[in-house]
Amino acid sequence: MFGLLKKVFGTAQGRLIKKYRKIVAQVNRCEEALKSLSDEELKAKTAFFREKIAEGVSLEELLPEAFAVVKNTCRRLCGTEVHVSGYTQQWDMIPYDEQILGAIALHYGAIAEMQTGEGKTLTASMPLYLNALTGKPVHLVTVNDYLAYRDPEWIGPIFKWLGLCVATLTNKTPPHLRKEVYAADILYGTASEFGFDYLRDNSMVQSKEEQCQRGHYFAIIDEVDSILIDEARTPLIISGPSTESNQMYEGLRDDVASLVRHQRDLCNKLISEARKTLEKLGRLEEKSELSSLSKEEEVEFKAAMKKVWLVSKGNPQNNVLKKIKENPDLRAQLEKWETYFHAEPNKEERLATLAELYIIVDERGSEFELTDKGIHLWIEQAKKAVSHDDFIMLDLGYEYAKIDEIEGLSESERLQKKVALREQDALKKERAHNLRQMLRAHLLMEKDVDYIVAEGKIVIIDENTGRPQPGRRFSDGLHQAIEAKEGVEIQGETQTYATITLQNYFRMYQKLAGMTGTAMTEANEFKEIYKLEVLAIPTHRDCQRKDADDEIYMTEREKYNAILKEVQKVHAQGRPILIGTESVDISEKLSRIFKQNKLEHTVLNAKNHAQEAEIIAGAGKKGAITIATNMAGRGTDIKLTPDVAALGGLHVIGTTRHQSRRIDRQLRGRSARQGDPGASQFYVSFEDSLMRLFTSPRMTGFLQRFRPPEGEAISAKVLNKSIETAQKRVEQRNYTIRKHTLEYDDVMNKQRTEVYAFRNEVLHCEDPQKVAYDVLEGLIREMVPTFFTGDREHLREKAPLFCAWLAENFPVALDPQEIDSDYLKMEDIENLSIGKVLKALESKIHYQKEKIEEVKQESALDFEADAVVNAVIRNLLIRMIDKLWQEHLLHIDHLRTEVHLRSVGQKDPLLEFKHEAFALFSSLTLKMREEIAHALFKFEVFPKTREPVNEVPKIINRRPALNLSMFQEREGG
Ligand code: ADP
Ligand code: MG
């Protein structure tokens, strides 16, 4: 299966392994020499290495000896007790050569592909130790909280023995302890906690003391494919209630449901007509000898199949349709229509046929589109609503021009009209967006597959692990749309406060490495996106697993029967069986089948993942049958008892081929760890979604010729090949989606970095007043040239406008006469205005300080007026940055959906997005300066006691760093 990959990577990989093997030998030689040291002498190595690093010796030079120190420490730990997850164990691990090899690869920033059970946890200890010697932050990223606890308990003794400090970060780590946790030399934690802390540090905290991370030096990501590939599709989002809520879902709910019902009823009608005709013509049951049809019958048959085709475009999930597609002959007929309509000359006819539907659903592309008929129905229904032209957007430029042409309007009236129009436009866009999301919720999101309804809430199901993800929400209003669809309470519109993709979070690390059992199939992606090479590390012992060819059945029913038979057979021998499923749904289905057949078993799925690790650990016992959604319990290995090894080890059954080969390999890898015996077998049916959606039409032709008798499997090399091709196609598609998310986030990433850098400057600077002055100065320098370009004449004309702008934004007056001099250059105008503005701020600050001094006298407390003003200004700046950045994120969210609407016009949405995001950002930076300027001249610090009781002031300091309890600050009038 990986023959080609081997060919491509083989030689380079081989060379590298050879090179690293030499280093392994060096490590082992070093370790020999260390054996004679006393414990104290060995422990002293840590200080020795630190000195060397301080002298400028590179980590690479220290590597062999440092790894040897770890290995020798392991040797000395042997026999000591370790407490892991509530159990007491005896230390019995000394790194094998293969582990040292993996450790070297990790240090050099590669992804070490090491099979399950090869001991990656111990492998990581070596590069972690070496890199932590620098004193810079070193993180090990785990897939879940359980492993973030377990791993440092397990191999932490090494670090502690050597005088390093190790800590755990999970979502249960309380915020006030996080700073301490991050101070550890080596920190184990989950990806999302690291990411969220980064976001909090950079967008939520109000003082530098609250920031917990201390940089990003070296990270090793365990189960790296799971984190960087499976989880990479949903970005991390910190959100909160939105200030401006545009709740339109309620209003749309019934109309959308009705539209979708119309479509469903139509499809039901079509398919039942078609079914009747097919039945009449004797085409429904599968026969090898089909009676021939008369000419008229032939026409009838074709027409019926055309209806079936139409239903496949309107309601691909239709049950009768699914049934019809089980029949290979009919399936072939259906594909004939598909091919027919695909051809260019038949395009007109295709459109005419599709026009009968309300909505065209493209299940494969996960898209949909309203037909004219659908749009008409919508307008009909929505007549009562505020605006019924939901599908026509305003051309603002054109509308503005029309306003300009209206005679007899004053400038400010024109402006008002434009602002009103802009608001109307925004409202329309919002509604169109909500409508799209509601339709998406109905047409493409399936209950119990994409989400579950639990306790009146919509909970996302991770499509790879089948786990519910409480707390996460589909972005972009889709979550609210589903809430409306399912009739549960619609959670308030949320607003993004901060967001980052895991990809961009991890790209911040100076050095990044990863480990997993399955990375080769995604080697290309790792390289392109993270610059990470994958290195396959040989196993410590040869793999003994027997992988059988797939068994392929026509229907799911036949497939499950076959699985049942196989389970009964293997179970009778006493061998433990692990059955991997694609979803909670299928796990439960199998569980029912097993129950009926009195097979005792354990189900491990999203619903009881608390005991996941324990169940998985017990899956290697004699006679155990475990059903697990794929990758549940990742990171815990299945140990065999000796009697089981003698019987042939763990038998793994895959209930379908997954959408990526990597996940198949992951499941297989559960069996036959570290030279154990074991076997694996996959079962596939033509009703599996992979087969339904992604195999080629040729396959159906093949099946028609070789339809096996009921209950019998087909196994043919052609089919294996074809499944693999389908998988590759899906992998490619998913890669494109991830790349897409990333391309969009990359645009944001630049902006985010810039804003966060400014925010950090404000948080960390000694003198926020200076920042304030700089902002004002920058604003004026930016604005002056926009007024005064061109010749002298021009200058004279523009002078009053500029003076008006200045007066609008700052409490200063500048007489146009002062500018209107023949001697002034642009720079002089700048300096003149800056002088005035800065002076105004200075006197404002001076005045505030005096007031504070007054209070100081009265209260006889000791504080610096300057420090109070600094704190107030710092908070004011932070507040403005956060407010505007959050608004910006909202605009960006809208822009993202908007550009997709535009993609219809043959424009590249990404390009459009980049372009406009850039423009939005420019206006953000300008607006930020302007609003900061306004706020600087508006704020007022006054003693609390003078607070009028009946007025609720806007409190700007939510969590003051300095003790400001004496003062409150509000926007002065
Ligand atoms: P992986 O993460 O690669 O799947 P683990 O780190 O969970 O593997 O380790 C799997 C098992 O191998 C553990 O039970 C561990 O005790 C054992 N093991 C790892 N390294 C060694 C070693 N050097 N000597 C003995 N046992 C080891
Ligand atoms: Mg592991």
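User: Which helix holds serine 923, and what is the relative accessible area of serine 923?
Analyst: This is a predicted model, where local features need pLDDT of at least 70, side-chain atom pairs count only at pLDDT 80 or more, and totals for chains, interfaces and linings use all residues. Residues are numbered from 1 along each chain as its sequence is written, chains are lettered from A and ligands numbered from 1 in the order in which they are written, and side-chain values use heavy atoms, with hydrogens and water left out. Serine 923 sits in helix α35 (residues 909-938); helices (H or I, at least four residues) and strands (E, at least two) are DSSP runs, numbered from the N terminus.

User: How far apart in space are serine 923 and histidine 888?
Analyst: In sequence, 35 residues separate serine 923 and histidine 888. C-alpha to C-alpha, the distance in space is 9.6 Å.

User: Is glutamate 223 buried or exposed?
Analyst: Glutamate 223 lies in the loop between β7 (218-222) and α10 (224-230). Its phi is positive, about 50°, although glutamate 223 is not a glycine. With 7% relative accessibility, glutamate 223 is buried.

User: What is the relative accessible area of aspartate 448?
Analyst: Aspartate 448 belongs to the loop between α18 (411-443) and β11 (451-454). Its phi is positive, near 70°, in a residue other than glycine. Aspartate 448 is partly exposed, at 39%.

User: Which residues are exposed on the face of α3 turned away from its buried side?
Analyst: Helix α3 (residues 45-55) has Lys45, Thr46, Phe49 and Ile53 buried. They span an arc of only 100° around the axis, so they are on the same side of α3; the arc is that of the directions from the helix axis to the C-beta atoms. The face turned away from that side carries the exposed Ala54 and Glu55.

User: How much of ligand 1 does the protein bury?
Analyst: A nitrogen atom of ligand 1 is 2.9 Å from an N or O atom in the side chain of glutamine 99. A polar side-chain atom of lysine 120 is 2.9 Å from an oxygen atom of ligand 1. Alone, ligand 1 exposes 560 Å² (Shrake-Rupley method, 1.4 Å probe); the protein buries 90% of that.

User: Which helix gives the most residues to the shell around ligand 1?
Analyst: Of the 19 residues around ligand 1 (a heavy atom within 4 Å), Ile94, Gln99, Gly117, Thr121 and Lys639 come nearest. The greatest helix contribution is three residues, from α6 (residues 120-132).

Technical notes. Buried means under 20% relative accessible area, exposed over 50%, partly exposed in between (1.4 Å probe, protein chains only). A polar contact is a pair of N or O atoms within 3.5 Å; within protein, one must be able to donate a hydrogen and the other to accept it, and residues adjacent in sequence count only if both atoms are side-chain atoms.
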